[in-house]
Amino acid sequence: MDEKLKNVKCFLLDMDGTVYLGDNLIDGAVDAVKRMNERCRALFLTNNSSAAPSDYVCKLRKMGFTVKDDDVFTSGNATIEYLHAHYPRKRVFLFGNDKLFAQFKAGGINLTEEDPDLAVVGFDTTFNYDRLTKLCDFIREGVPYITTHGDINCPTAHGYKPDVGSFIALIEKSTGVSPLLICGKPFSPIAESIQRVLGLNKHEIAMVGDRISTDMQFAINNGFVSVLVLTGEGTVEEAEKAGQKIDVVLKSIADWDK
Ligand SMILES: [Mg+2]
């Protein structure tokens, strides 16, 4: 095993491209995650705030992973943590779908439809025009906003869906106001939230993923051990081109302790 992995107490796992490809499990991934959990902790990580952790738990279980709700951390979880730490008891207008509303309510966030202190923009895949107008009205009136993540598009089996990064562009055009911050990968709020939840130092956390611009940049930005797997999009050449120094490169997650 690589020296840098010996101190790791939690592996953050990207999903698509790292433990599965679409609906196909990556060979040896179930056993690799089991070995991680025997030695320390594995936490599945996603920027998608349109789904609940339980949705991912369902998919992962069907594929054979042993996983509980708190083994999945979404940008929705990160945003809730961030709000408790930096905006305790503030009144929040949420732009998100039903699942994100349920998560925020269960997470003890004080949601309001009128006179908010802050707006949160999540990946709302169900919004209508009135809701978007209401959000932009609040922002134009001076209500600051943060977003769960900043991905421009969300990949699907049939192409791309516009994601929160595209919503931000629209809001900025309409209101002239940029978000105070973006919680998800590769930015630091989600990293701070994870550290708080786990109670670990940076060098005790490794990010395992296939994307250079998100997963590896996230690890590098936040001082986590970077572990690139070559089962998805990213390549070593691409990392070198981007000037990144990856700590560990693995052909597959199955090889992490070999
Ligand atoms: Mg990926």
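Tutor: Let us start with a definition: the expected span of a helix is 1.5 Å times one less than its number of residues. Please keep in mind throughout that this is a predicted model.

Student: How do you know that the span of helix α7 is close to the expected one?

Tutor: Helix α7, residues 164–175, has 12 residues, and its first and last C-alpha atoms are 16 Å apart, which is close to the 16 Å expected at 1.5 Å a residue.

Student: Which residues of α7 are called buried, and what makes them so?

Tutor: The label requires 20 or more other C-beta atoms within 10 Å of the residue's own, and in α7 the buried residues are Val 164, Phe 167 and Ile 171. Seen down the helix axis, these buried residues fall within an arc of 50°, so they line one face of α7. An α-helix has 3.6 residues a turn, so residues three or four places apart point the same way.

Student: What lies on either side of that helix, and what comes just after it?

Tutor: The buried residues of α7 pack against β8 (118–121), α6 (129–140) and β9 (145–147), whereas on the other side Ala 169, Leu 170 and Lys 173 are exposed, a label that requires 12 or fewer such neighbours. Just after α7, Gly 176 takes a positive phi of about 75°.

Student: Why are the buried residues of α3 said to line one face of the helix?

Tutor: In helix α3, residues 53–62, the buried residues are Pro 53, Tyr 56 and Leu 60. Viewed down the axis of α3, they fall within an arc of 65°, so they line one face. Those buried residues pack against β4 (42–46), β5 (72–74) and α4 (75–86), while Arg 61 and Lys 62, on the other side of α3, are exposed.

Student: What makes β5 and β14 edge strands?

Tutor: The open sheet has 6 strands in the order β5-β4-β1-β12-β13-β14, with parallel pairing, and β5 and β14 (248–250) each pair on one side only. From one strand to the next, the twist averages 25°.

Student: How do you know that β1 and β4 pair?

Tutor: Pairing requires at least two bridges, and β1 (residues 10–13) and β4 have 3 bridges in the parallel sense, which meets that requirement. The bridge partner of Leu 13 in β4 is Phe 44. Helix α3 packs on this sheet, touching β4 and β5, and its direction makes about 140° with that of β5.

Technical notes
Residues are numbered from 1 along each chain as its sequence is written. This is a predicted model: local features need pLDDT of at least 70, side-chain atom pairs count only at pLDDT 80 or more; totals for chains, interfaces and linings use all residues. Helices (H or I, at least four residues) and strands (E, at least two) are DSSP runs, numbered from the N terminus. The arc is that of the directions from the helix axis to the C-beta atoms. Two residues are in contact if their C-beta atoms, placed from the backbone, lie within 7 Å. Axes are lines fitted to C-alpha atoms, for helices over the stretch in contact, and angles run from 0 to 180 degrees between N-to-C directions.
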